Amino acid sequence: MPESLPLFLLAVAIGTYIQAVTGFALGIFLLAAVTLLHLGSIPATATALNIMNLALGAVVVVPQLRKADGRIVAQSLIGLVPAMVIGVLLLSYLNSNAQNLLKALLGAVIIAAGLVLVCRPDPLPRRSSPATFVGTGFLGGFFGGLFSVSGPPIVYQLYRQPIPVQTIRITLLTLFSLASLGRLVVVGLHGDLTLDVVKIGLLSLPVVAAMAWVGNRFPPPVSERTLRRGIFALLMLSGGGTLLMALTA
């Protein structure tokens, strides 16, 4: 269990609200908070995130599954699945043998996620090749296995495609839900799906559900540009702090 369950759930609440108004960042923010405030381990938090994301995804994705782009999902999964296994195994090794390197990698991923949030890629004139989606899926799967954060490369790639935004969003949610399910299976087979981790994930679900509703019902009264800049600054500070902690330990 986390060192302070109320503080952990507060971080879950803030991260969920950010995700509700931006589309992603729950995992990014929660991992940063857990690392900077010494609330728990990265592996346990990453697995608890899978439970949260899978529950949310089931509610949102299942009714809209037909709207997802099946070709993109299938092509991305070809790269995502094997890379996820590699990421989970590397996480186990680094957590046991090189925790500072693990924290440095997390800091770099948080900074990359902030950059993706403020980037507005121009749509491509035509859909990317299947190999591109496989490659992007591999990158997303690797970081999904390592930190349960598969978003940045996949989000950037999909928002460049000349397809409707609604299709992009449900395709992303479908991929993230499948990634969470796959990671839980891999972690379970590896023997790291403990009762404590499951309890953390389940205890977080009411907070996630409530704050997702709050974020959708009461978005912050600022422009989207201002909101993105604010979240960008928060992620830069979190990522920079995590990276600095790793480098000075």
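Is Arg 127 buried, exposed or partly exposed? Arg 127 is partly exposed, with a relative accessible area of 29%. Buried means under 20% relative accessible area, exposed means over 50%, and partly exposed lies in between (1.4 Å probe, protein chains only).

This is a predicted model, in which local features need pLDDT of at least 70, side-chain atom pairs count only at pLDDT 80 or more, and totals for chains, interfaces and linings use all residues. Residues are numbered from 1 along each chain as its sequence is written, and side-chain values use heavy atoms, with hydrogens and water left out.

Start with the salt bridge. The structure holds one. It joins the side chains of Arg 127 and Asp 69, at 2.9 Å from N to O. Arg 127 sits in the loop between helix 5 (99–118) and helix 6, and Asp 69 in the loop between helix 3 and helix 4 (70–97), so the pair ties together parts 58 residues apart in sequence. The term salt bridge means a side-chain nitrogen of Lys or Arg within 4 Å of a carboxyl oxygen of Asp or Glu. Helices are DSSP runs of H or I, at least four residues long, numbered from the N terminus. Asp 69 is buried, at 12% relative accessible area.

Now turn to the backbone. Most residues other than glycine have a negative phi. His 38 is not a glycine, yet its phi is positive, about 55 degrees. His 38 lies in the loop between helix 2 (26–36) and helix 3 (42–64). His 38 is exposed, at 52% relative accessibility.

Ser 148 also has a positive phi, near 60 degrees. Its place is the loop between helix 6 (130–147) and helix 7 (151–158). Ser 148 is buried, with a relative accessible area of 12%.

Conventions:
Helix = DSSP H or I, 4+ residues; strand = E, 2+ residues; numbered from the N terminus.
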